[in-house]
Amino acid sequence: MSDESDALDPDVPESVDEGAFGIDAFSLDDRLRLFHFAAAEKRHEYLWLLRAFDRGRANYQVLLHASDAVGLLERLTAEHPVAGTVGEVQPLLDALAEWQVLDRSYDGTRAANLAEYRNRHYVYQFTQAGYRAYRAVEDVLGASLEDAQLSRLVFPDILGDLHALAEANAAGDGEEVYRKLGRLDSVLNEMAQRAARFYLMLGDLARTNDTRPEVFLAHKDTLLAHMREFTAELGRYAPLLAEAVEKAAATGVDRMIEYAAEADERLFRSPAERLADWRHRWDGIVHWFAEREHSETERLQDATVTAIRSVLALLRRVTEARRGGVSRESQLRHLAQWFTSCESDEDAHALFQAVFGLGAPRHIAVPYADPEQIPGRTSWWEAEPVELARTLVQSGRTPALHGPGRIERNDDRRALLRAEQLKEQAERRGAANALASDGVYGRTLDEPETRALLALLDVALAARVPASRLVTAASGSAHGVRLTLTPAEGPTTVDTVRGRLHLDGLRLEVTA
């Protein structure tokens with residue numbers, strides 16, 4: 001925001017007009033005072049008392065006496081024992097009425113005589129602003145990570161509503177225009193709020209990673225898949241939505257707004273205010289999809305791509321930290337503390353040498369293989385460089401010639417591989433014999449038989465059938481089979497565990 005005045009909602013008055021009533025009669029201070037119960041010392045008791053009023057409101061008990069509130073609290077205690085901690089109700093009701101969360105009025109029906117009437121039998125009910133404040137607190141208390149998600153399934157619905165809006169506006173159906181515009185406005189608001197919560201959740205997850213990296217590792221795959229699917233869907237629907245908005249605008253924007261304003265049933269808005277409100281909503285839809293540059297769709301796409309990069313960068317940090325046992329950032333912070341704790345410059349220089357290993361250069365003198373090839377007057381800048389051995393540069397020692405290294409023989413591993421090889425050969429021989437004895441038709445071949453059949457078929461087809469091949473075991477044993485491809489009338493089918501093998505005009509014969 002450019003300045004502090006932008007942070008103030010123009011619809012929230014700092015002073016109240018004389019003719020205002022209801023929620024419009026609440027000034028800015030009055031609306032802020034509605035939330036006093038959430039920060040008061042007895043905030044838990046206030047919350048359960050308001051929940052009792054909400055329970056009564058759901059059961060169509062709008063006006064509640066103090067005794068009615070106590071009865072509702074007792075019912076809540078049966079379900080939630082913590083509700084039984086609410087003490088005296090009357091002081092709580094008076095405080096909520098003072099903050100204008102509840103409205104207090106006299107109940108003359110409870111008075112049997114004038115004296116009882118003067119004893120002020122009060123009844124209480126939610127004020128409109130008070131109920132909204134209570135619901136706002138409940139929304140915060142009931143919020144969870146499930147609310148922080150990007151909805152990719154909403155794009156087809158938005159596209160369908162835009163097409164329906166264009167058709168309704170062209171047909172002059174004002175009520176349908178009102179419904180579709182209102183639905184588009186609410187859907188876009190919800191999508192924007194979900195996106196904001198999602199990106200805030202990513203920031204919380206990044207901060208949580210510093211203390212509990214296992215939380216991030218448990219959700220990284222789901223997050224990346226979710227964001228990539230949303231990005232792909234948004235990229236696919238963005239041009240379609242922009243085209244649909246232009247199509248709807250072509251049917252007449254002014255007429256569309258007039259239809260929506262005429263069908264609007266808000267009693268306390270003037271016709272001019274309704275027109276301005278619906279025009280503002282339509283401008284928001286255009287800003288979301290139809291603007292060629294800096295549209296909300298483009299911004300959402302960029303934000304999602306940036307979030308994917310952030311998650312991948314965070315994944316690299318976590319992987320490096322788990323590989324080394326401690327993150328690189330933590331290492332550098334501890335190293336900085338060590339440098340700060342050095343008592344003298346000599347200690348700091350010694351620590352620097354120990355950590356980074358940057359000392360004096362190693363001077364090496366190596367002659368050319370043929371010293372007479374390079375004249376002595378040639379400058380070092382112009383002479384060919386001398387090849388240096390890596391051992392000489394790293395350790396200062398001249399490399400020595402050694403014989404071939406000793407071959408390490410792992411007899412246990414070789415025995416295990418040989419056993420697996422013999423087992424595989426025996427399995428192949430058994431499968432080949434089963435093909436020759438039981439045939440390949442009229443039954444379902446198991447996995448070893450399927451592999452053997454495909455190998456034999458590969459050899460036969462490589463020789464351009466009809467042909468035959470004698471395939472023996474790798475060990476050279478005499479157990480072999482012959483696969484012959486013969487012409488057949490129509491296709492033949494071999495059932496295997498992998499599926500069905502269809503051969504057009506060919507028949508398989510396997511013989512020992």
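Which residues form one aromatic cluster together with Phe53? The aromatic cluster is formed by Phe53, Phe126, Tyr131 and Tyr134. The structure described here is a predicted model.

## Aromatic pairs and the cluster

A pair of aromatic rings is described by the distance of the centres and the angle of the planes. Across the whole structure, a search finds 10 aromatic pairs. For Tyr131 and Tyr134, the ring centres lie 6.3 Å apart and the planes stand at 45°, so this pair is tilted.

Both tyrosines belong to helix 7 (residues 128-141), where Tyr131 and Tyr134 are 3 residues apart and therefore separated by about one helical turn. Tyr134 has a relative accessible area of 2%, and the cut-off for a buried residue is under 20%, so Tyr134 is buried.

## Packing of helices 4 and 5

Two packed helices are described by the angle between their axes and the distance between the axes. Helix 4 (residues 66-79) packs with helix 5 (residues 89-98) at an angle of about 110°, and the two axes are 10 Å apart. Because angles of 65 to 115 degrees count as roughly perpendicular, helix 4 is roughly perpendicular to helix 5. The crossing of helix 4 with helix 5 is right-handed.

On the side of helix 4, the contact is made by Ala66, Ala69, Val70 and Leu73; helix 5 contributes Val89, Gln90 and Leu93. By residue class, the contact of helix 4 with helix 5 comprises 6 nonpolar residues, 1 polar residue and no charged residues.

How values were computed. Residues numbered from 1 in each chain as written. Predicted model: local features only at pLDDT ≥ 70, side-chain atom pairs only at ≥ 80, totals over all residues. Heavy atoms only, no water. Axes fitted to C-alpha atoms, helices over the stretch in contact; angles between N-to-C directions. Helix = DSSP H or I, 4+ residues; strand = E, 2+ residues; numbered from the N terminus. Parallel < 35°, antiparallel > 145°, perpendicular 65-115°, else oblique. Left-handed = near helix turned anticlockwise from the far one by under 90°. Contact = heavy atoms within 4.5 Å. Nonpolar A, V, L, I, M, F, W, Y, C, P; charged D, E, K, R; others polar. Phe/Tyr/Trp six-rings, centres within 6.5 Å; stacked < 30°, edge-to-face > 60°. Buried < 20%, exposed > 50% of the residue type's maximum accessible area, 1.4 Å probe, protein only.
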